[in-house]
Each structure stands twice: as C-alpha cells, then as structure tokens.
Amino acid sequence: MNTPDSHDLIKKYVEYATIEGETKLSGDYKKGNRMVVKLNNIFDIIKGDRQLSIYVLSSVMESHSVRARGLAAVDALRLGICIPESVKALEEISLREDIWGFGSKMALRIWRGEFPGKTL
C-alpha cells in the first residue's frame, strides 16, 4: 500500500474529523462511523512513525476545525507526544458550552487519571 504524504494525511484528517463532528450533530451515525474508520486508518498509518505523528497531529491541532483539533489532541495524548500542545488545545475547547467542550473536559479528566481504569 502506498502511504499518502504528510500533507495529504493532514488534509484528510481535518476533513474526516470535521465531517464526523457534523454527523454527531445531525444524527447521521452511519456516515459518522465511516469517518471514524477513516480516521482510525490514518492513526494506524502515523502511529508507527513518531516524527510523522508529531507533524500530522500538531498540524491538525492548528486547523480551524474544533472537532479536528480535539481529536488530534486526544490522539497525540494517546501516543504520548505533543503533550503541552494537546493539553492546551483541549483546555481551550473545554471552555465551550457545547458537546465539544464537554468531550474535551472528559478527555482531560481521563488523561489526568480522574477516572481509574479509563484510558483515552
């Protein structure tokens, strides 16, 4: 399988995460599930290459998509990379009064160990 270049991975990650977020709000869970599979495929590609992971996820955390920034921050925390940037992104999103704010608060609480036995 040919691995897409890093810019393509960034573009696709933002696109799929944004669509996945829209489907959460609209209730189109079938389409949302397809986007999650695509996001998981990108994660599988980058997780084995630390430099690629850092580049892709830190770039996505700078996107305009709140959903993409939040998901990239969680993925980075899962990999143990870009910790300060990830925490900052999730803390900023957690100030929102919507589902993305709530999800970011919960992700931070899980990552900080406030729910024993739970992991990101």
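Guide: Let us begin with the buried residues of helix H4, which are Val-66, Arg-67, Ala-68, Arg-69, Gly-70, Leu-71, Ala-72, Ala-73, Val-74, Asp-75, Ala-76 and Leu-77. Buried means under 20% relative accessible area, exposed means over 50%, and partly exposed lies in between, with a 1.4 Å probe and protein chains only. The model is predicted, so local features need pLDDT of at least 70 and side-chain atom pairs count only at pLDDT 80 or more, while totals for chains, interfaces and linings use all residues. Residues are numbered from 1 along each chain as its sequence is written, and side-chain values use heavy atoms, with hydrogens and water left out.

Helices (H or I, at least four residues) and strands (E, at least two) are DSSP runs, numbered from the N terminus. H4 covers residues 66-79, 14 residues in total, and spans 20 Å from its first C-alpha to its last, close to the 20 Å expected at 1.5 Å a residue. That expected span is 1.5 Å times one less than the number of residues. Twelve of the 14 residues of H4 are buried, so that the helix is mostly covered. The cover over these buried residues includes helices H1 (6-26), H2 (29-46), H3 (50-60), H5 (83-93) and H6 (99-111); contact here means heavy atoms within 4.5 Å.

Gly-103 lies 8.5 Å from Gly-70, C-alpha to C-alpha, although the two are 33 residues apart in sequence. With 36% relative accessibility, Gly-103 counts as partly exposed.

Just after H4, Gly-80 adopts a positive phi of about 70°.

H4 also gives the most to the lining of the largest pocket, with seven residues. On a 1 Å grid over the protein atoms alone, a pocket is an open set of points with protein on both sides within 12 Å along at least five of seven lines, and lining residues have an atom within 4 Å of a point. The largest pocket holds about 460 Å³ of space, a volume being the space filled by probe spheres set on the points. Of its 21 lining residues, the closest to the centre are Glu-20, Lys-24, Arg-67, Leu-71 and Val-74.

Notes
1 Å grid on protein atoms, 1.4 Å probe; cavity = no way out; pocket = protein on both sides within 12 Å on 5 of 7 lines; lining within 4 Å.
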